[in-house]
Protein chains: 2
Amino acid sequence: MKATINDVAKQAEVSIKTVSRVINNEVSVRQATRDKVLAAVKALDYQPNLAARNLAGTKSYSIAYVYDNPNAYYIIDMQKGILSACKKQGYELLIHPCNAKADNITQEISTMVKQSRVAGLVLTPPFSEMPEFVQQMKQLDVKIVRIMSGDVAPDDLTPCIMVNDHQASYKITQHLIDLGHRHIGFIVGGAEHKSSSERLSGYTQALKDNDIAISENLIVHGEYSFESGVHGAKSLIAEEIKPTAIFSCNDEIAAGALFAARLMNIAIPEELSIVGFENSPFSRQTWPTLTTADQPNDQIAENATNLLIAHVRNQSLKNIVTHYTPELVVRNSTGRVSTDKNI
Amino acid sequence: MKATINDVAKQAEVSIKTVSRVINNEVSVRQATRDKVLAAVKALDYQPNLAARNLAGTKSYSIAYVYDNPNAYYIIDMQKGILSACKKQGYELLIHPCNAKADNITQEISTMVKQSRVAGLVLTPPFSEMPEFVQQMKQLDVKIVRIMSGDVAPDDLTPCIMVNDHQASYKITQHLIDLGHRHIGFIVGGAEHKSSSERLSGYTQALKDNDIAISENLIVHGEYSFESGVHGAKSLIAEEIKPTAIFSCNDEIAAGALFAARLMNIAIPEELSIVGFENSPFSRQTWPTLTTADQPNDQIAENATNLLIAHVRNQSLKNIVTHYTPELVVRNSTGRVSTDKNI
DNA sequence: ATACCAATTGACAGCGCTGTCAATTGGTAT
DNA sequence: ATACCAATTGACAGCGCTGTCAATTGGTAT
């Protein structure tokens, strides 16, 4: 039925080992031999069996993406980028959504890694930002790549993608300040995500640099969810000194904030500017469309996966760390502060 | 490092075959022996190696989800349901997003199936609704389960989940009619999805049964996308005889329609009612929230996967086909037709 | 106590590859 | 023509399981 390495070897009149060499792109095979084998591979439509490769070799051709994130757009983008790298390099991907707070989470991942002989893990927040978890994964004899928020990568020789949320957040805040806003509310995302504090610190830094006082009343702590945006915006708008702009930690929160503004009959951006973060489809589909920061998640994911695969193969990497800074995208949810507003 | 079946056998003082029997839940093992083995499994934290099982056995423990759908919420829900069934039954899931219209698509899936020794495929539209594709998959020696739109399952002894979009659509249309609407626009989703025509036929049937004339001008053909909703609604509203309600083939289209209405300063639902289909998060996050039909995608997916796994294991199934009918969910985007409106 | 037979257990081959190491090949220097 | 050695190729074991079939066990009827 399905052709095996034996069939190819027979057809090409070489040993199975030589076929193995050809499909693994090893160097010491004469060109003429290589051609014979490739012809046989093609004629028989041969696909090496990954289970056998995983079992026989010291290498494995499976990696897994472990995540705990309710943001469908984010996950789909990540999967897309990871799969793109996997396909090019002949790896298969297992996805493993799970609960980061479950107390047997290490056990759970460990089981999966053993069962499926996973060679490497792609970790996104919050997993990538849980040091003990990362430590335990390393002891499992599994390579990892982390996508995390911040500027300085952990100094542990593991590949990393650092997303400079602080700087991107600074730019967004500066954009609001340039529009004349002085009372800018901030809805913080989930505390288990480092991006929340990084984005908050970019915001406070920008305020400081512009000599604007930071008011704790304008900072609301929430989750990365639509509902959090609704509640956060409601409570900010109820403040004695209302903000003229609201910085939402991501687009979903921003969509919630827009919803709340609509509930309270507040015109966006005339009476209130709202910004998001992520440039997810949300930001193009709300009314008005959202000013946000563009984070190329699929690129980040593909890049991370390439680093991981190189790491799995013990290839030496020039750059074990890659940096990204999301870019400001101005749409219709931000405008100049109206001069006749209360201050 | 990782415990193997040999380690367990040694520790339990039995043969590896007996260990194999215990972990496969075979019947003819004495209770005392079973207990010894299970104790050893636990003590060594043993996890059977899936690659070896796939290779050694005639069965495989991998299934794949093949899809071509830009709807992130739908995909995430499906994955969740599939994974839930996989986890319970010890299967691993590969995801395979791809382009259904690529001309080498059969080749592509075939490669994946061979490489990863996939035992079964979960197919959603449009793949599940492409008869030649399904036929070719069967020749690949891979089992399938299809989730498709319609009432009557294909008569080919393959497990199927049928979603009765016609009936659900009928109910939604009746809801609009009950609210007094007589001019109801319809934005059709992508033609490659049978759900589009099924939902359309439910709509026309409901109109007929209520003696309402069907106007081709009120039916716009599009895709399952936000942009299609924007364009569709714009063109419907530009009609000489404006609709007082718009039935959108899914929530994303409906969100686009809402966007268009907002652009044109049309109050929802006072001047225009809009409905969606799917009950995705969209429908709770738009303004106003959407009346829609609830489709429990994760349940459908889990159910489908259970059918598939039973099929893969050659277990006889009582019911090879399961039927679902989405339920009407009334929210704030629909209202009584205003009596002073133009007709 | 003995025969019998179903229930239980184990020996061994083999799934399709890769790793190790030994054997062969063929080009180069003499 | 010959020796030599790097380049190329192949033989064989083994990865960790399951399938097949044969061997052993132990409970029941006599």
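# Reading a sheet and a DNA surface

Reader: Which residue of S7(A) is the bridge partner of Val188(A)?

Author: His221(A) is that partner. Keep in mind that this is a predicted model.

Reader: What is the order of the strands in the open sheet of chain A?

Author: Read a sheet by its pairings. Here four strands pair in parallel, in the order S7-S6-S8-S9 (chain A). Strand S7 (219-221) and strand S9 (273-275) of chain A are the edges; each has a single partner strand, so one side of each has no neighbour in the sheet. From one strand to the next, the twist averages 15 degrees.

Reader: Which strands does helix H10 of chain A touch?

Author: Helix H10 (residues 226-237) of chain A packs on the sheet and touches S6, S7 and strand S8 (245-248) of chain A. The direction of H10 is at about 150 degrees to that of S6(A).

Reader: And where does helix H11 of chain A lie?

Author: Helix H11 (residues 251-263) of chain A lies across S6, S8 and S9 of chain A. Its angle to S9(A) is about 155 degrees.

Reader: Now the DNA. Which residues come nearest to DNA strand D?

Author: Start with the list of neighbours, then go to atoms. There are 29 residues around DNA strand D, and Arg21(A), Thr33(A), Ile5(B), Lys17(B) and Ser20(B) come nearest.

Reader: How do the atoms of DNA strand D within 4 Å of the protein divide between bases and sugar or phosphate?

Author: Sugar or phosphate takes 66% of them, and bases take the rest. By class, the residues of this surface are ten nonpolar, eleven polar and eight charged.

Reader: Which residues come nearest to DNA strand C?

Author: Read DNA strand C by the steps used above. Of 29 residues around DNA strand C, the nearest are Ile5(A), Lys17(A), Ser20(A), Arg21(B) and Thr33(B). Of the atoms of DNA strand C that come within 4 Å of the protein, 66% are sugar and phosphate. H2 and H4 of chain A, with H2 and H4 of chain B, each supply at least two residues of this surface. Its classes are ten nonpolar, eleven polar and eight charged.

Reader: What lies 2.8 Å from a phosphate oxygen of DNA strand C?

Author: An N or O atom in the side chain of Asn24(A). A polar backbone atom of Ile5(A) is 2.7 Å from a phosphate oxygen of DNA strand C. For a base, look to Lys17(A): an N or O atom of its side chain is 2.7 Å from a base nitrogen of DNA strand C.

Reader: One last residue. Is Arg146(B) buried or exposed?

Author: The cut-off for buried is under 20% relative accessible area. Arg146(B) has 5% relative accessibility, so it counts as buried. Arg146(B) sits in strand S4 (residues 143-149) of chain B. Beyond its neighbours within four places in sequence, its contacts include Leu123(B), Val134(B), Asp156(B) and Cys160(B).

Terms used
Residues numbered from 1 in each chain as written. Chains lettered and ligands numbered in written order. Predicted model: local features only at pLDDT ≥ 70, side-chain atom pairs only at ≥ 80, totals over all residues. Heavy atoms only, no water. Near = heavy atom within 4 Å. Nonpolar A, V, L, I, M, F, W, Y, C, P; charged D, E, K, R; others polar. Polar contact = N/O pair within 3.5 Å; in protein donor to acceptor, adjacent residues only side chain to side chain. Pairing = 2+ DSSP bridges. Axes fitted to C-alpha atoms, helices over the stretch in contact; angles between N-to-C directions. Contact = heavy atoms within 4.5 Å. Buried < 20%, exposed > 50% of the residue type's maximum accessible area, 1.4 Å probe, protein only.
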